[in-house]
Amino acid sequence: MEHKKLAAFPSDFLWGSASAAYQIEGAYDEDGKGLSVWDNFVRIPGKTFKGTNGDVAVDHYHRYQEDVKLMAEMGMKAYRFSIAWTRIFPNGTGEVNEAGLKFYSDLIDDLLANGIEPLVTIYHWDLPQALQDAYGGWESRQIIPDFVNYAETLFKAYGDRVKYWVSLNEQNIFTHMGWQIATHPPGKKDPKLFYQVNHHANLANAAVINKFHEMGIDGKIGPSFAYTPQYAIDSNPLNVLAAENAEELGAHFWMDVYVYGEYPIVALNYLKERGLAPTFEPGDAELLKSAKPDFMGLNFYQTATNAWNPIDGGVENKDSYQMNTTGKKGTSQDSGIPGLQKTVKNPFVETTNWDWTIDPVGLRIALRRIASRYRLPVLITENGLGEYDKLEDGKVHDDYRIDFLKKHVLAIKEAISDGVDVIGYTTWSYTDLLSWLNGYQKRYGFVYVDQDETMTGSLKRIPKDSYYWYKDVIASNGDDA
Ligand code: BGP
């Protein structure tokens with residue numbers, strides 16, 4: 001639909017930016033913090049780009065006040081960050097670490113004092129190693145009470161001040177990379193376990209959402225899903241079917257469970273046929289059905305395009321395709337599952353140096369699909385451009401990032417005009433930070449940080465051109481994008 005006149009952004013729209021604990025904090029073993037699975041995984045040779053880790057990251061733990069000050073100067077309305085479980089419970093459960101609780105309490109107070117709404121992600125992948133060692137972490141149902149206990153501790157400590165909570169960040173990504181392609185901890189390739197792990201995460205997510213609602217906290221909670229809308233390469237019905245398969249197994253498989261408490265029909269049937277369906281215990285179906293998120297968190301980076309992939313002799317590499325973690329354009333490999341789909345290049349969209357498609361219309365499509373299938377407000381919890389940035393005479397002229405974000409802001413405005421209830425937009429990311437597998441050279445921030453693969457940078461903060469552009473966007477409530 002083309003609009004002659006676009007709707008305005010709501011007056012309380014949450015303009016902001018995002019981060020995650022492991023990617024920014026550093027201080028990995030300070031003030032009583034326990035080790036997470038990421039603290040250990042990064043030390044396995046060959047796992048991360050040039051062996052980079054988050055031991056220091058961009059030292060946000062010691063510099064959070066400086067970071068918040070820059071947010072305030074930018075006029076930021078919201079800041080999404082995650083809490084490191086291991087700072088609160090060094091062993092995942094048991095004794096609370098007061099110093100950890102205090103760190104986030106001070107951060108929240110500082111944000112609020114500067115008129116910035118804190119958006120808290122409860123889990124952004126840094127599982128306590130102690131829980132992985134004790135029972136395999138997400139591989140066991142024991143994670144459910146431990147996750148609820150941890151979340152309840154946060155609700156009690158910060159529920160009076162935090163109004164927006166993200167339960168799990170990108171369950172689809174951390175489980176895919178952890179148990180299908182072995183590129184995240186615990187580094188396994190086990191198709192059956194992958195679906196069981198997801199079932200536990202679904203139950204834990206539902207239990208935490210219920211706990212939040214039972215506690216009567218004045219706020220909203222929902223998961224953040226990494227949604228890649230799926231396209232067909234053309235109108236050949238088989239290619240359209242391939243795109244539907246990708247959407248069913250790559251999106252409905254998670255979001256249907258979050259909202260309806262049920263696995264989608266075709267996906268579950270597919271898993272049953274192959275002996276991969278998760279094992280349900282008594283009460284599981286009821287628990288999943290009883291929880292309802294208040295919003296859908298959307299992490300949107302790109303779209304994917306599909307073609308038919310025959311069951312005999314098709315592309316078969318879902319557990320071992322080549323990802324581009326070097327920033328050398330064109331080094332990623334398409335992937336596929338015989339009988340379902342394979343990904344192919346989309347001739348209509350450009351790509352980044354890390355081979356991610358750039359598709360702002362895809363964001364509008366994502367917002368509309370979520371709104372009409374799930375009838376929930378959407379909080380865009382991540383969207384951004386990872387690129388090389390150059391510091392020249394103390395400045396970073398990231399006009400390519402401005403161009404990227406500008407087009408995505410327009411797409412949001414169009415989706416709002418289409419009738420989608422969008423609560424806010426927290427871009428990825430606020431400062432430059434550690435990209436899990438791509439080191440420090442893949443930068444996303446509004447604020448440049450002098451840090452690189454040597455991990456010995458001065459950590460100086462320098463606002464980029466995009467920082468000043470976003471400041472104007474916020475001041476005009478999206479009119480001057
Ligand atoms: C999302 C994660 C973020 C962030 C982002 C960018 O999947 O939630 O933590 O890393 O992607 O991805 P990357 O760092 O791989 O470029």
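This is a predicted model: local features need pLDDT of at least 70, side-chain atom pairs count only at pLDDT 80 or more; totals for chains, interfaces and linings use all residues.
1. Lys442 places a polar side-chain atom 2.7 Å from an oxygen atom of the ligand. For His124, a polar side-chain atom lies 2.9 Å from a ligand oxygen, and an N or O atom in the side chain of Trp436 is likewise 2.9 Å from an oxygen atom of the ligand. The ligand on its own would expose 370 Å², and the protein buries 91% of that area.

2. **An aromatic pair across the chain.** The model has 43 aromatic pairs. In one of them, Trp15 and Tyr470 have ring centres 6.3 Å apart; their planes meet at 80°, over the 60 degrees required, so the pair is edge-to-face. This pair links distant parts of the chain: Trp15 belongs to strand E1 (residues 14-18) and Tyr470 to helix H15 (residues 465-475), 455 residues apart. Trp15 is buried, with a relative accessible area of 0%, and Tyr470 is buried as well, also at 0%.

3. **An aromatic pair within one helix.** Now turn to Phe147 and Tyr150, whose ring centres are 6.4 Å apart with planes at 50°, so this pair is tilted. Both residues are in helix H7 (residues 143-158), and because they are 3 residues apart, about one helical turn separates them. Phe147 counts as buried at 0% relative accessibility, and Tyr150 is buried at 0% too.

4. With a relative accessibility of 1%, Ala151 counts as buried. From its C-alpha atom to that of Ala243, 92 residues apart along the chain, the separation is 36 Å.

5. **A cluster of rings.** Ring pairs also join into a cluster made of Phe194, Tyr195, Phe225, Tyr227, Phe253, Trp254, Tyr263 and Phe280. Selecting these residues together will show you the cluster.

6. **Cis peptide bonds.** Most peptide bonds are trans, which makes the next two worth checking. Pro185 and Pro186 are joined by a cis bond with omega about 5°; Pro186 is in the loop between helix H8 (171-180) and helix H9 (191-214). The bond from Trp428 to Ser429 is cis too, with omega near 5°, and Ser429 lies in the loop between strand E14 (422-428) and strand E15 (447-449).

7. Most residues other than glycine have a negative phi. Glu170 is located in the loop between strand E4 (164-169) and H8, and is buried at 6% relative accessible area. Asp355 has a positive phi as well, near 65°. Its loop runs between strand E11 (350-351) and strand E12 (357-358), and Asp355 counts as buried at 16% relative accessibility, because buried means under 20%.

Key: Residues are numbered from 1 along each chain as its sequence is written. Side-chain values use heavy atoms; hydrogens and water are left out. A polar contact is a pair of N or O atoms within 3.5 Å; within protein, one must be able to donate a hydrogen and the other to accept it, and residues adjacent in sequence count only if both atoms are side-chain atoms. Accessible areas come from the Shrake-Rupley method with a 1.4 Å probe; for residues, only the protein chains shown count as cover. Rings of Phe, Tyr and Trp (its six-membered ring) pair if their centres lie within 6.5 Å; planes under 30 degrees apart count as stacked, over 60 as edge-to-face and the rest as tilted. Helices (H or I, at least four residues) and strands (E, at least two) are DSSP runs, numbered from the N terminus. Buried means under 20% relative accessible area, exposed over 50%, partly exposed in between (1.4 Å probe, protein chains only).
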